[in-house]
Structure formats: structure tokens, C-alpha cells
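Visitor: Could you take me through one part of this model up close? I would like to see how a single piece sits among its neighbours.

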Amino acid sequence: MTVKDRYRGIIFPALLFLSLTLAPCPGLAEGEKVPAGDLTKMPLEELLRLEVETVTTASRFRQPVFEAPSSVSVVTSADIRAFGYRTLADILAGVRDFYVSYDRNYSYLGGRGFSRPGDYNTRYLLMVDGHRINDAVYDQASIGTDFPVDVDLIDRIEVIRSPGSSLYGTNAFLGVINVKTKRATEVGRFEVSGEAGTEDTFKGRLTTGIPIGEGSEIVVSASKYRRRGKDELYFPEFDNQANNHGVVRGNDADASGQIFVNAAWGPFNLQGAMARREKDIPTAPWDTVFGAPGTKSADERGYVDLRFARDLGAANLTTRLWYDHYRYEGDYVFSGYTNRDLSVGEWWGAEAQLTGKVMNRHEWVAGMEYNGYIRQDQYNWDDNPYQSNLDDIRRTYQWAAYLSGNIRPFRDLILSLGARFDRYGTFGNTFNPRLGLVYSFLKDTSLKILYGTAFRAPNVYELYYNDGGKTTKASPDLKAEKISTYEAVLEHSFPHHLRVAASVFHNAIDDLIVLIEDERDGLLVFRNVEKQETTGASAEVEKRWGKTLRARLAYTYQESKDKTSEKTVVASPRHLVKFHLQFPLFRDALQFSLEELYVDSRLNGRDRDAAAYFVTNLTLLCLNWAPRLEASLSLYDAFNRRYEDPASAEHRQETIAQDGRTLRLKLTWRY
Amino acid sequence: MGAGKSMVDFRRSLKISLVIAFILASVPAVRGEDRRVPEYRLKAAVIYNILKFVSLPPDKRPGNELVLAVLGRDPFGEDLEVLRGKTVGGRTIKIVRSGNLKDLRDGHVLFIAPSEAWQITDILHSPLVRGKLTMGDTEGFAEKGVMINLVVRERKIRFQINNKAAKREGVNISSQLLRLGEIVAR
């Protein structure tokens, strides 16, 4: 029985069980439909029965953005629709200080001067409704079509630009991205969505959201995506007779499927997700055969998360129990044989968290977390003839305890203190404090002075990957990476919906884990060798006129140095500019959105750097031109700039060409 | 295409889930409540509903607007914008915001943000709040004289009513609303 079969064994009976238990409940029914999304249409008595969201990402308790002890950006479902964002990568590329690159296999997130082509986003913690998405083998935060939840199900995304290890532990190194999914009334009773785009791109989604009774509801959604990709890709590095003059035909397909369920029942909430994504790799990495079909990657990610929340009077208790699955398969076609990677992660965990208030003004949160990693297995073998190169089976554990609070000594001052202790079965202990001061010195102005520390635990890939001494050896003595961050944030709201935010930041990273060549035996090995420092500043201005006309301009300057070599860090652009405009064309019914992204040139440590680029994305969003129907037309890279992203070391390419102009039409019908 | 072939199993799983989705969609329409709504999205909706049950002192100014003024640091953000343009008792809601009470003299409803808690007594004594419906969402505001104060109890929104303060300014709160709220002062 394969892992996938086992999954089907768990998820589908669970779904069926839920559907059967929930189906015979119409005793509660009175036949009136809850308006999707618009709460103002509900009578007061019903509004008083709804529950408010009480926890947010920055502090693990609810607070307004201007009080959060970090620089926070929020992207809403309205932004996602207006700008035609297709993936989490599209969304994050539009957030101040961030940039995204793509190597035609995975998408990589960079921010605040740090990005490493091919680093699997391990220095960002990615969560869905508080559930950790980073896997247990590579720590990968999947933000492309491999992200397990359909972007249409996202209600809002909180992006925290500072480390969060003092609350969330590993991976919350440069930032925390928490994706919050829609509730039943926001989805609508029944929703069908279809997309079609250039390069033979199709996506379909079916979602149902059913409120059942007081505090109970269910959302079920399934999506399927496929893209044939570029018919022809040209890589000048391969431009010779043997390699078809650098041209690859086909080999760029991307396909994924996703299932998502969220069921709330009184104080319980059960969420499950399962996704699989397969991508053909056209770039011939690791010296695989250029142009040969069959080099591809497949990622499978699933989880079940059961949450229980209770008001104890003096405090709110939240307990969680989860089970996670991850599987990666990689096929690499070499001349005469295929090399195959297989990694499997299976883990479970539990958390208990208490939040409360002292004297009605000092908020606090305390919690404990345990993760039991049942499988963290890595296999690598050659087919035909069969030869095993790696057969590494691991299991380990990790637990943590944290305490954090907001103390308000004076009227306009918040002192935010927090620390977390983590114990790892692999490398030992780590303790990460943070300190923040939020001072509102004028009525609409707040100044935040923040200091934080964070860590990233070495993952099993870095610790144990080896190929029997051919090219790579294991490195079981790795320590955690460390970062210290210093930041000052100024936020001010002017009258007439004008908002300004500015930050100055300095990050110092130590013991960065890097793949190097050991001089003694010539083998590649991961070591804690690099130090990196980034200093920068960024600012954002946002202005709103009425309900739908909005403009936002953001600029980031950053300078990163590798402190071991005193060189500028690769793949780190010095300037970033982002401009967003939403413009109503015909009342609320037709909306035009423009996104302009500028990314400065990026070094890649080789001969040819990735050139600076300006990319323009346009979306026309049409609401209600037919009953219950929403349509949008998006043009990405409207001027066909075909910019290139820096390639990681396993590529012979120095830079990798992006898609160029693409078009997408999307229709959503909501019942 | 390589990526397509081994998707067969997954596609089968999708099919099963689609069938289940259909079963669920065919469950008779059920009235119920949503869970976990963003706090200020809910508060905005509650305010809109409350306004339907309140009659304000007659307004001598021309126009048919109901001006909702937010004093201090606006905690609603986008969530209040859904009320813009909606009508209550034939009047169209207009939203204005300011950190300064003087800018809000045209407001019919004054929502005092939590950021103003430190000077709530001064605000309530100002002649600029005369004849306005005062609202807030900070613990203790109702006792201080804010007419309607939203509070969160066990994750749900409740509202406190200071009817004494309301009567003093000629604001009439309907008995229906008085039944649903928690009366702080008659």
C-alpha cells in the first residue's frame, strides 16, 4: 500500500462521516440563506451569536496592526481577486520588502536582503490557520502551485516581517506568513470556479460552505490545476549541436490537485488538507540530460488539525492535535539511467495555549508544543541497473514552551516581551527572546522599536543527506542558524485615508548553513560557516478614495554583505519598488487593477547577473454582470519583459527565463 | 507528459470528494451562524444594525446623510467601508474619520476609538458631542457616559447601553434594542 492509498484511507472516510453526520441536521433549518460575506444583512440577534476571531499572528493574541510588535502587512481576499493573484508567490511578490524567483520547478521567496536561489524558503514559517506548512524533511515553505490550499479559499494573509521564533520556533527566522482561510458564509453555499489561460492552463474548483447551527459549519473544497507550460524554452548555456541548440520542447508541465475541509462544531474545529503537485523540470539541473523528458518533481502534502477552544473565564484555552504527511519524489534522467529521490515525512504534534489579560490591560500568552517525527526518511537510488545511494531512516522529536506578553505601563506605551525555549532531539536546546516597544507619541502615530532573535534548526536533509561518499557526505553535528534583528517602524495615519509606514532594519545572521566542499576529501557537506548582515530601509504610502479607488506605493532599499568574504550577497536586489492601483471603471461592478513591480539587478556569483526588471500585471474584475457571476481577465507581464531570475548552483544556466506575457480568464459562479 | 500520468490516482480521489461536495450541497438549506468572524467586520455589522433601532434628535442641517464619525485611531480599517453608502431609515451613511473632535462636528454618530480612552471624560464633556449618538468598544466606556458600548464576552459581541446619557442628548433607543443590550444606566 502506498502512502497515498493510506491517505485516502483516512481522509475520505472522515469526509464521508462528516457528511453523513451533518446531513440529517435540518431540524435546525428554517430555510433562510445566510448572505455570503455581507454580515450587515444579518439580523442583530444572529450577529450576537457569531464569534469573533481572537488570535493573530504577531503576538498569538488579537490586536490592531498598529499595536503589533512587528511590521505587519495584510493581504485580503479582495486584493487577491482584484489583482488576479494565482498563487501565494504572486501575492507575496506584491508585499513590501519581498521578491519571488522561480526556477521552473519551485518558487523562492526573498526578503530583507536575504535570498538564496534554491533554498526552499526554509527561513520563513508558513502557516495555514496556525498550522505549520513547512515540511519535516527539507523545511520547505511551498508558495507556488505546490502550496496545499487554493488561493481562492484565502480570507486574509498576515505577513510578519520580523522573526517569530520567540512564539513559533524554527523557520520563523526572517518572517512569518499566516494564511487564514474563509469561513462558510464567506464561501457561499456552493461555488464553482473555472480558469483558462495561455500555455494551456486550466483550473477548476468546487467549493461548498454550509453553516449548520450555532458555532457549527463546514467548508469543503476541491481544485484541479494543469498547465502544459512553455512549448519551447531556450537556454543559451546549452546552445550547441548536441543539445538541440539550447531549445527544450515540452517538459514544462505543471499539475496539481487539492482537497480542503474545515469543519467547526461548537468549540471544536477540524481542518484537513491534501495536495499533490507534479512538475516537469525543463532546465536539466544536476547535469541531467538536456531536453530529455522524465526529469520531474512531485510533492505531496497533507494534514489533519483538530483544535479545541474554550473560555475558562480568566483565560482562553486552545488545544490542538495534528497529524502531517509529506512526500517528495524526484526523477532525474541521466544518460543511460534514471536517478530517483524519495523523501517521506510523517509526524504528529500537540499544543496547548493559554491567553488572557491581567487587570484588563496587560495581555499575555503561554503555551507548550510537542512534535513527534515518526518518519523523516530519505532514499536515493539509480534505476536500471538498480543501485541504492541513500537509505536514511530517522525519527526524532522536538518540544517547546513559550511565554509572551504586552505590558502597558503608561497610556500610550506597550512593552512587548517574549521568549521561547525549544528542545530538539537532533541538536539540543535553543532559547529565543524578543523585546518590543510600541509607543504612540501622537494620536495617529506609532513608533515601534523592536529587537528579536530567532533560529532555524538544521533539517534532516542538511544533517543526513549523503550518497555513499560519491559527492556528498552527511553532517550530523550541525547547529541551528541564528539571527538577531533590530528594527524601528514608524506608522502614521493622516486624515482622508492616507497611511504611511516606514521601517529601518538591521539583521545579523550567524552560523548560516551552507553547502561547501570539504578540502580534506573533496566531498560536499553542509556546514555552519556563513555570517551575513543586511541593513535597509523601506517605506509605503497608501491612499484610499471611497470604497474602491486605492493606490499604494512601496520602496525598499537593502544592502547585504557576506561577513566571511565581505562580498555582496547573491540574489539580493538593492532596490525594490511596488505600485498598486485599484480603479473603479463602472461603479462597483467593473474594477481595473494595476500592479507594477520593480526588482533591481541581482548578483548570482557567476558571470551573468540577473538584470533589473519592471513587470506590469493588469486585471479587470467584473462583479455581478450576470446574477451570481464574477469574471476576471488578467494579463501578467503585460509588456512581455520576459525577465530572468538567478539560478542556483545545480543549474548550468546562470539565469532562468520567466514566462513573459500570459493571459488568464476566470469565472466564478456562486450560489 | 510526465506530470499527467501519475495523477490518475489523485484524480480518482478528487472525484470522490466532488461527489461528497455535491452531497453536502444538496443538504437542505440550513440557517446558522458562521464561526470566527474578524472582530471589526462583525462590529461594523452590529453598529449598522444598532443604528436601525436608534432615533437621533432632529437635524436642522440640509441633506439626507447619516454621518458616522470615527474619533481617534480607526480600528475598523476596511471593515467599516462596507457601511458606506448603505441606508438607515432613508438616510445614506457617510463615514468620516479624524483624530480631532473639531473635524467631526458634522457627525451624527460618534464612534470613539480605543485610542481615545485616556481622554474619554474630556471628550464626553465637550460641547462638540452634544446631540450625537456616542458609541465605543472599550471596557468602561458605558459607565463613563458613552451611550452604546460594544464589548466582547466569551468571543461574542455584546453591547452595553447607557440610556441615561442617551436621554440627556435626546437620543431615543428603541425598546427592542434595550432588551438585547446590557443596561448600565437607565
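Guide: Let's start at one pairing: Gly209(A) stands opposite Val219(A), a residue of strand 10 of chain A. This is a predicted model, in which local features need pLDDT of at least 70, side-chain atom pairs count only at pLDDT 80 or more, and totals for chains, interfaces and linings use all residues. Residues are numbered from 1 along each chain as its sequence is written, and chains are lettered from A in the order in which they are written.

Strands here are DSSP runs of E with at least two residues, and helices are runs of H or I with at least four, both numbered from the N terminus. Two strands pair if DSSP finds at least two bridges between them. Strand 9 (residues 201-213) of chain A runs antiparallel to strand 10 of chain A, joined by 12 bridges. Strand 13 (residues 254-265) of chain A is also antiparallel to strand 10 of chain A, again through 12 bridges. There, Arg227(A) has Asp254(A) as its bridge partner.

Strand 10 (residues 216-227) of chain A is largely enclosed by the rest of the structure, because 10 of its 12 residues are buried (under 20% relative accessible area with a 1.4 Å probe, protein chains only; exposed is over 50%, partly exposed in between).

Now for confidence: pLDDT is the predictor's confidence in each residue, from 0 to 100. Chain A averages 87, and 92% of the residues score at least 70. Over residues 1-36 of chain A, though, pLDDT stays under 50. Where pLDDT is low, the predicted coordinates should not be read in detail.

Definitions and conventions
Side-chain values use heavy atoms; hydrogens and water are left out. Contact means heavy atoms within 4.5 Å.
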